[in-house]
Structure formats: C-alpha cells, structure tokens
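Visitor: I'm new to reading protein models. Could you walk me through a few features?

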Amino acid sequence: MKNTLVFVAPGVAGTLHRPGSARQTGIAFLVLCAAASGTYFLNDARDAASDRLHPRKKSRPVAAGTVPPAAAYGTAAALIVAAVIVSTVALGTAPASCVALYSALTVWYSFQLKHVAVLDLVLLASVFVLRAVMGALAGAVVLSPWLLIVTAFGALFMAAGKRAADLRTAPHTLTRKVADRGYSLAFLVRIQTLTATVAVTAYCAWAFRLGSPMPERAGDGSLGFQLSVVPFVSGLFRYSLYLERGEGGAPEDLVLSDRFLRIAGVCWILLVVAGSYA
C-alpha cells in the first residue's frame, strides 16, 4: 500500500491513461515492492527476538519460526539486487538510483538508525519521499513541491504515531526501547500535531493552487482538487483518533479495516481523478 505513492505524480498530472506512462509507473511500483519486501525480510530477521514479545508482531514469519533467519537474509539480498537491476534496465539510471538509495536507507535503518531518536523518524519520512520522487521520474512528470511537503510531513506524522502507539500499548520491554531513544508520549504528540498541521496546510496550498502554477498540470486548480481537501482532512482526523487510542501501529491495516477510512480514501481518489482528467 505504501508503494502506491509512485502513482501520485503521474496520476495528478493526468498521464496515467497513456500506455507508456502507465507501463513505466507500473514497473516502478513492482520494483519498489520487491525492494521493500527485501528490506522487510531483513528487518524481520534482525528483530525476531523482540517481535516475539509484541502482541501483534509475534505472528510475523521469522518471529513465529516458520521462516528461518538465514532464508530471510538470503531472500532479502536477492530481492534488493533484482529490484536495482530491473529498474536500471527498464526505467533508467535516475529511477534505479532511487531504488538503490531507498534500499540503502532502509538497510541502514534496520541496522542502526532505528535506534537513534529523531533520525529514525526522518529516515522513515525520507523513504516515503523517495517513493513519490520515483513515481515522478518513471512517469516523466515534475512533482509539485507542495506534494513533496505533504508526503514528507504526512510520513513524519505516521512515524511519530507508530512510536506513540508502542508507548501506549506494547509490553514494557518494547516501550523501554522507545523511551531509551529519548521519546516520551508528550514529545511524540507534539510532533504529531506539528506535522499534521504542516501536511494539511501544504495540501490545501496544492489543492487551491496557491503561489506559482503547479508543475504537474497547467492552469488553475479545479473543483475536484479543492473538494479533495475534505476527505483528506477527514481521513487524517480519523487516523488521529486511532492514534489517541494507541491503535495506529499499522496504518495499512487501519485503512483496510476501517470503513470510514476506506470511504474517505475512495472519495479522495475520485475527486483527484476528476480534477486530473476532467
């Protein structure tokens, strides 16, 4: 689900209906899925011991003992290398560089940066930005600075929410790890408030075409883009409610399980499509 960000720039530029753009963006999506899967294999192998203490993560294949750690490490390497090679051949040097950088950052995160306060949040936001940038490169469109800001601060919001959810609901051994980074619940809530404010402001600026014309699409903003602010903000508020309850550890699970978030997501997509292709 996170890798669907590659479709944003070509989608709002109104180019996804073109076979060439759709094909290139689809390839970018697939190679990112391969790279992301590889880094998840790696991360789960390294975190197997602590995952066994977590009420939800203990069912992950490596933690549960259904996948040996050696197999996870081997699969991780194979997927990451394959993603870089395929992206180089099919998409070119620039998108392949995004895949390589994405893989390097996530591996660095798994080995070291996930234990460094603030840097772990920044890195998580960075890989979301790389997904959006790769979509723009694959689709041969220019990504709006406003949408980059929305992506970065929206990712920071979710990352802080995941840390807050661990502090609220995870066992003491795991909350201790989060606290050892220097995080407190009050600090993470402040980060969530700040990042959500910036994300909403930047999205409104994009939707209403404030400042210079947007790079993705010539002309003024349409009613579809402007109305898309409503499901965007509503979904953010709904997700914030789950974070307050300590249930925001897995955003993708919430989107699939919560009817309100699903409806908001569908409405947002329809309005953005109407603004892009009307």
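Guide: Let's start with burial: buried means under 20% relative accessible area, exposed over 50%, and partly exposed in between, using a 1.4 Å probe and protein chains only. This is a predicted model, where local features need pLDDT of at least 70, side-chain atom pairs count only at pLDDT 80 or more, and totals for chains, interfaces and linings use all residues. Residues are numbered from 1 along each chain as its sequence is written, and side-chain values use heavy atoms, with hydrogens and water left out.

Visitor: Okay, is Ser228 buried or exposed?

Guide: Ser228 is buried, because its relative accessible area is 0%. You'll find Ser228 in the loop between α11 (223-227) and α12 (229-244). Helices here are DSSP runs of H or I with at least four residues, strands are E runs of at least two, and both are numbered from the N terminus.

Visitor: Which side chain does the side chain of Ser228 make a polar contact with?

Guide: A polar contact is a pair of N or O atoms within 3.5 Å; within protein, one must be able to donate a hydrogen and the other to accept it, and residues adjacent in sequence count only if both atoms are side-chain atoms. Here the partner is the side chain of Tyr203, at 2.6 Å. The Ser228 side chain also reaches the backbone oxygen of Phe225 at 2.5 Å.

Visitor: What else is Ser228 in contact with?

Guide: Contact means heavy atoms within 4.5 Å. Leaving aside neighbours within four places in sequence, Ser228 is in contact with Tyr203, Trp206, Trp268, Leu271 and Val272.

Visitor: And how many aromatic pairs are there in the whole structure?

Guide: Rings of Phe, Tyr and Trp (its six-membered ring) pair if their centres lie within 6.5 Å; planes under 30 degrees apart count as stacked, over 60 as edge-to-face and the rest as tilted. A search of the whole structure finds 6. One of them is tilted: Phe7 and Phe29, 5.4 Å centre to centre with 40° between the planes. Phe7 lies in the segment before α1 (8-13) and Phe29 in helix α2 (residues 19-46), so this pair ties together parts 22 residues apart in sequence. Phe7 is partly exposed at 28% relative accessible area, and Phe29 is partly exposed at 23%.
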